[in-house]
Amino acid sequence: MQALLPAQRETVRRQLTLLKSQPGPLIEILHAIQGELGFIPEGAVPLLAEELNLSRAEVHGVITFYHFFRRHPPGRHTVQVCRAESCQAMGGAALEAHAKARLGVDFHETSADGEVTLEPVFCLGNCSCSPAVMIDGELHGRVDAARFDALLADLKGGR
Amino acid sequence: MKVFVPRDAAALSLGAEAVARAISEYADAHNLRLTLVRNGTRGMTWLEPLVEVESARGRIAYGPVTPAEVPGLFAADFLRGGPHPLCQGLTEEIAYFKQQQRLTFARVGVVDPLSAADYVAHGGYAGLKQALTLTPAAIVQAVLDSGLRGRGGAAFPTGIKWKTVLDAPAPQKYVTCNADEGDSGTFADRMLMEGDPFCLIEGMTIAGIAVGATQGYIYLRAEYPHAYRTLKAALEDAYRGGFLGANLLDSGRRFDLEVRLGAGAYICGEETSMLESLEGRRGEVRVRPPLPAIKGLFGQPTIVNNVISLSSVPVILEKGAAYYRDFGVGKSRGTLPIQLAGNLKRGGLVERAFGVTLRELLYDYGGGSASGRPLRAVQVGGPLGAYIPASQFDTPVDYEALSAIGALLGHGGIVAFDDTVDMAQMARYAMEFCAEESCGKCTPCRIGSTRGVELMDRILQGEPGDANLDLVQELCETMLHGSLCGLGGMTPFPVQSAIKHFPEDFRGRTRQ
């Protein structure tokens, strides 16, 4: 297991101090850590387990249960493409294929230049404007291949 | 002069932020004084970004607006309702909107979602004030009498849940709101939380007063960052205004409320799984009994209600149980926010009394398919809902009528598909989704869904004979009867309905 970097350790400790007195705090703490670091480092597991009086297996079990938590650093940008039915009804499968080809990755992978991590998502709640994509927390509706490329170009342009 | 530009996520997804910016910049550059209000959406998503201006006759709508159109709107004097090709007339006279019966969504798109004062100015908190004059039993009775049933999908009478919690003695009780709206085709919860969060806050407060719970949690899915920000800000404003906390509205009553984020697990929309997640654990389903109303969050009596159920409570308390109950048909009382999604020309939210038919919704409101091709099927009620063929589009949307044709209403989302849909692919997807989202606790769901994907793959590849299809049917029966919760137990609905109504998509596929 890779040891935590000092800055990572500081983040984990600080969030524990802030949140551990809340009832059932583990998921809240994981959100806070990922919010700062972009992922949950493996080395955080024993620290969280000890401070919250849980087994390492329990902490690991929670992190791996939820799709949202990542155990590896993502690319600079995260692109989520909706795979659910409403988007499929509007050409979502073609958009998925386009996104993968365009970025040269499969779902859960990061493009070779480290810029973009592609993730599937099951419904973004934008079903009257399908297909939907979320990029770094910003929602986009009625996304076709051309619009997808334009959104990527915006990212590269530093917007 | 007030101008309204929605901050609802759907409107933002179509460029509302850039429109808002263009309007402010134009106004600043030309020394025009206007107040920009960032409201929720009116639910006519096909017109978003929908810009509204106030007039003596009511709000006037312009849409869909792009930033490039903004100078032209000013030139046409839209601030005074001037004519322009994008002008839709009075918002509330637009047929799509006018024919609705907005009870729960009465203020969505109207109020400033971040202002408790604006909520009160539009009649908000009348329900809570009424509740504070009643005994807990009388509040519960009002909810019972209204006929309100759980809008999350299970359709269990809300008042009965509340009565169970009220009657369970305990030092601490909880009110939890299930805002893990994961069903494809649904966005009513999100729209309400982003457009009128105080309505949910008020509903939860009434629930707390009714059953003697002093702590509430909103369990919100992580896919809704916009709703999260809105709720956080609204909760702060509610505390500031004395609508929450130790002595709310100077009543001597306490109710605290916070929002907790989920982490991308569909199963956490199942109530016991949601409670596990709120406690910080893996969202594995609990065996019932005990019911959450007896032994719920942290082992205490707990109300678990959906966003729309709780948000329907203020109007019931304000206007009375009979007022609400008088909408609807049979055992489906009140109104339902129906969400029109997928391949439709005019997607959006339609709040109507129960009883409107699928056909009216798909064609009169939805305008038919967006692609211009014939509609072939709709899926009602999310990924666990049945597929309904065009021959059954005259079915009214109510719990019993849908159940009678082997379908379910769920959370009221309708996803439309045109005739290019491959129903065998959709059946495969249902199994794949179940495999992806299964919590793993029970075998029929965990293993069955994976076997289901494999079988569907063989069917899709055109393996000859009906053996695979027979096996899928048998597997569906096992999942249906042997699963611990609705995920494994209802995944067969889309699969079996697809096979039943669209056998041609399954049989006789050519080998690939």
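A crossing of two helices is left-handed if the near helix is turned anticlockwise from the far one by less than a right angle, and right-handed if clockwise. The crossing of α3(A) and α4(A) is right-handed. This is a predicted model, in which local features need pLDDT of at least 70, side-chain atom pairs count only at pLDDT 80 or more, and totals for chains, interfaces and linings use all residues. Residues are numbered from 1 along each chain as its sequence is written, while chains are lettered from A and ligands numbered from 1 in the order in which they are written.

**Helix packing in chain A**
- Helix α3 (residues 44–52) of chain A packs against helix α4 (residues 56–65) of chain A at an angle of about 120°, and their axes are 8 Å apart.
- That angle makes α3(A) oblique to α4(A), because angles under 35 degrees count as roughly parallel, over 145 as roughly antiparallel, 65 to 115 as roughly perpendicular and the rest as oblique.
- Axes are lines fitted to C-alpha atoms, for helices over the stretch in contact, and angles run from 0 to 180 degrees between N-to-C directions.
- Helices (H or I, at least four residues) and strands (E, at least two) are DSSP runs, numbered from the N terminus.

**Chain A against chain B**
- In chain A, 35 residues are in contact (C-beta atoms, placed from the backbone, within 7 Å) with 48 residues of chain B.
- The largest share of the side of chain A that touches chain B, four residues, comes from α2(A).

**Confidence**
- The model scores ipTM 0.97 and pTM 0.97.

Key:
Two residues are in contact if their C-beta atoms, placed from the backbone, lie within 7 Å.
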